Amino acid sequence: LGSAKAQADKVYQSGAGILATITQEIRTPLYGMLGTLEVLGMTPLNEEQRQQVERIQSASAKLRQFLGGLLDIARMEAGQFALETSAFDPRKLMESAVAQHAALAERKGLLIYGCLDTSVPDCVSGDAGRIRQILGNLLNNAIEFTESGHVVARMRAQGLPDGKVRLDLQVSDSGMGI
């Protein structure tokens, strides 16, 4: 039984490694494609061409997000996933996340807001990349499944007894819900 379990674990870890390699190999040309699309979007295009470029950009961004998630899963399964801790400004993170989704919301005729509570400090320590990823996923989903109205991202801070601060994020929308 021990030998069979060890062999199964080896196959499982090998699969996670293969998944990570494939995901990484797909991401490289995808980033090249996204860069080329961005440059193409800056050139003079008629309205139909611009709409096509925007659709490709949107689909590519979703693919990039999906591949990033797969890579995270492969890293977790391989025991190589780690949070990165550094100082960052949560206000700027929120503002940039909302700004990055403004064009997508506007194309659907939606209003998008970012509301920062006065309790949010100028500087915190944590994994800004993961927080940005989570907030981006929530905003993407809210915009995708809202046909009219608005999307609101809120951030507040809650002081903890040990002197640390917990950031609370909330994304709500006027869509039909789950």
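Which residue takes a positive phi in the hairpin of β4 and β5? Gly 163 does, at near 90°, in a hairpin with 5 residues between the strands.

This is a predicted model, in which local features need pLDDT of at least 70 and side-chain atom pairs count only at pLDDT 80 or more, while totals for chains, interfaces and linings use all residues. Residues are numbered from 1 along each chain as its sequence is written, and side-chain values use heavy atoms, with hydrogens and water left out.

**Overall layout**

- The protein has 4 helices and 5 strands. Helices (H or I, at least four residues) and strands (E, at least two) are DSSP runs, numbered from the N terminus.
- Along the sequence, the pattern reads α-α-β-α-β-β-α-β-β.
- Of the 178 residues in the protein, 23% are buried. Buried means under 20% relative accessible area, exposed means over 50%, and partly exposed lies in between (1.4 Å probe, protein chains only).
- Take the contacts between residues at least 6 apart in sequence: 72% of them join residues at least 24 apart. A contact means heavy atoms within 4.5 Å.

**Strand pairing**

- Strand β4 (residues 150-159) pairs with strand β5 (residues 165-173) in the antiparallel sense, over 9 bridges. Two strands count as paired if DSSP finds at least two bridges between them.
- Two residues of this pairing can be followed across to β5: Arg 156 stands opposite Asp 168, and Met 155 has Leu 169 as its bridge partner.
- Strand β4 also pairs with strand β2 (residues 111-116). These two run parallel and are joined by 6 bridges.
- Cys 115 has Arg 154 in β4 as its bridge partner.
- In a regular strand, side chains alternate between the two faces of the sheet.

**Asp 168 in β5**

- Asp 168 sits in strand β5. Its relative accessible area is 16%, so Asp 168 is buried.
- The side chain of Asp 168 makes a polar contact with the side chain of Arg 166, at 3.0 Å. A polar contact is a pair of N or O atoms within 3.5 Å; within protein, one must be able to donate a hydrogen and the other to accept it, and residues adjacent in sequence count only if both atoms are side-chain atoms.
- Leaving aside neighbours within four places in sequence, Asp 168 is in contact with Arg 154, Met 155, Arg 156 and Gln 158.

**Ser 60 in α2**

- Ser 60 lies in helix α2 (residues 47-77). Its relative accessibility is 4%, so Ser 60 counts as buried.
- The side chain of Ser 60 reaches the backbone oxygen of Ile 56 at 2.8 Å.
- Not counting residues up to four places away in sequence, Ser 60 touches Leu 30, Met 33, Leu 34 and Leu 37.

- Ile 131 belongs to helix α4. Not counting residues up to four places away in sequence, Ile 131 touches Phe 88, Leu 93 and Leu 169.
- Ile 131 and Leu 93 are 38 residues apart in sequence, and their C-alpha atoms are 8.5 Å apart in space.
- Ile 134 is also placed in helix α4. At 47% relative accessibility, Ile 134 is partly exposed.
- From Ile 134 to Leu 169 the C-alpha to C-alpha distance is 9.5 Å, across 35 residues of sequence.
- Lys 92 is in helix α3. With a relative accessible area of 57%, Lys 92 is exposed.
- The C-alpha atoms of Lys 92 and Cys 123 are separated by 9.8 Å, with the two residues 31 apart along the chain.

**The largest pocket**

- The largest pocket holds about 1,300 Å³ of space.
- It is lined by 37 residues, and the closest to its centre are Ala 61, Arg 64, Gln 100, His 101 and Asn 140.
- The elements giving two or more residues to this lining are α1 (2-41), α2, α3 (90-107) and α4 (128-144).
- Helix α2 supplies the largest share of the lining, 13 residues.
- The lining divides into 10 nonpolar, 14 polar and 13 charged residues. Ala, Val, Leu, Ile, Met, Phe, Trp, Tyr, Cys and Pro count as nonpolar, Asp, Glu, Lys and Arg as charged, and the others, Gly among them, as polar.
- The pocket search uses a 1 Å grid over the protein atoms alone and a 1.4 Å probe. A pocket is an open set of points with protein on both sides within 12 Å along at least five of seven lines, and lining residues have an atom within 4 Å of a point.
- Grid points are joined across faces, edges and corners, and the volume is the space filled by probe spheres set on the points.
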